[in-house]
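Biologist: Before going through the details, please show the sequence and the structure.

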Amino acid sequence: MLRALFGVAVIAMLAVVFPEKAWAVTPGIDAITVTSNPKGGETYTVTIQILALMTMMTLLPALLLTMTAFTRIMIVLGLLRQAMGAAQAPSNQVLLGLSLFLTIFIMMPVLEKVNDSAVQPYLEEKIDTVTALKNASEPFRQFMLKQTRETDIDMFVRISGKENINKPEDVPFFLLLPAYVTSELKTAFQIGFMIFLPFLVIDLVVASVLMSMGMMMLSPMIVSLPFKIMLFVLADGWSLVLEMLAASFYV
């Protein structure tokens, strides 16, 4: 059931990413069916396909968080903002937008594989639904397995009590998903720790200078913020962080 829901949502998402390819060959779907009743009136009903499609669209946020690079990117950018002490600059909307489009950039090779192996053949009626779902899930499985630690997979396999899994490729999706998210959280906090260190050094230096000058009532955060912003700008920090995040998925 999870694989079926996943495949339908992926096909819907890829239709948005590749509109010029998807909609060009998509046959029309009747949104409303008119049925005549014995009294001469008409009854209007929405087709099951539309109801299923709208239901699957609600799964897209969950898929975005649990099966793509979005989680790692968003956590690292949030920790970066906290390390700088810049409060709400950049705002949550800016971080979400940046994380979303960087995720699309990183996941584009995976989406292209799914589009070529599953979406286009399915829209051209060369393969059936079951084959399309299987082909669509494989690129995501390979991406997630590459980013997931084996220790996290072993932990969830041990918790589930399954003993017939001999290699990571045999791990079912309901075990791979939590293992992938757990591994992404670990990686994101490791990257965040490395980002925190230079800003922490600046805070310590500023606090020591203020204390030596006897300026106890002046908050070190107020004084260190301009220096941290200046250091981040001079080092071209945004480019370095985004490049590091993108490269971390291809190591």
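The questions below go from the overall chain to single residues.

Biologist: How many helices and strands are there in the protein chain?

Modeller: This is a predicted model. From the N terminus on, its elements run α-α-β-β-α-α-α-α-α-α-α-α-α. The count for the protein chain is eleven helices and two strands.

Biologist: Where in the protein chain is confidence lowest, and where highest?

Modeller: The chain averages a pLDDT of 76, and 78% of the residues score at least 70. Residues 14–29 stay under 50, and the model has 24 contacts beyond four places in sequence for them. Residues 1–6 also have pLDDT under 50. By element, confidence is lowest in helix 2 (residues 19–25), at a mean of 45, and highest in helix 5 (residues 70–84), at 88.

Biologist: What share of the contacts with a separation of 6 or more joins residues 24 or more positions apart?

Modeller: The protein chain has 251 residues, of which 36% count as buried. Among contacts with a separation of 6 or more, the share from residues 24 or more positions apart is 70%.

Biologist: How many of the 15 residues of helix 5 are buried?

Modeller: The end C-alpha atoms of helix 5 are 21 Å apart, which agrees with the span of 21 Å at 1.5 Å a residue. Its buried residues include Phe 70, Arg 72, Leu 79 and Arg 81. Among the elements covering them are helix 4 (60–67), helix 6 (92–123) and helix 9. Helix 5 is largely enclosed by the rest of the structure, because the number of its residues that are buried is twelve.

Biologist: Which residue takes a positive phi just after helix 5?

Modeller: The position in question directly follows helix 5, and its phi is about 70°. The residue is Gly 85.

Biologist: Where does helix 9 bend?

Modeller: Helix 9 (residues 173–212) has 40 residues and reaches 58 Å between its first and last C-alpha, close to the 58 Å expected. The bend is about 30°, and Pro 198 follows within four residues. Just after the helix, Gly 214 takes a positive phi of about 75°. The bend in helix 9 is at Leu 197.

Biologist: Is Ser 183 buried or exposed?

Modeller: Ser 183 is found in helix 9. Leaving aside neighbours within four places in sequence, Ser 183 is in contact with Gln 147, Thr 148, Arg 149 and Asp 152. Its relative accessibility is 0%, so Ser 183 counts as buried.

Biologist: How far apart in sequence are the parts that the pair of Phe 143 and Phe 249 ties together?

Modeller: There are four aromatic pairs. Phe 143 and Phe 249 are stacked, at 6.1 Å centre to centre and 15° between the planes. Phe 143 lies in helix 7 (residues 129–147) and Phe 249 in the segment after helix 11 (237–248), so the parts tied together are separated by 106 residues.

Biologist: What is the geometry of the pair formed by Phe 232 and Trp 238?

Modeller: Phe 232 is buried at 8%, whereas Trp 238 is partly exposed at 33% relative accessibility. The ring centres are 5.3 Å apart and the planes stand at 85°, so the pair is edge-to-face.

Note on methods
Residues numbered from 1 in each chain as written. Predicted model: local features only at pLDDT ≥ 70, side-chain atom pairs only at ≥ 80, totals over all residues. Heavy atoms only, no water. Expected span 1.5 Å × (residues − 1). Bend = angle between axes of the 7 residues up to and from the residue. Phe/Tyr/Trp six-rings, centres within 6.5 Å; stacked < 30°, edge-to-face > 60°. Buried < 20%, exposed > 50% of the residue type's maximum accessible area, 1.4 Å probe, protein only. pLDDT = per-residue confidence, 0-100. Contact = heavy atoms within 4.5 Å.
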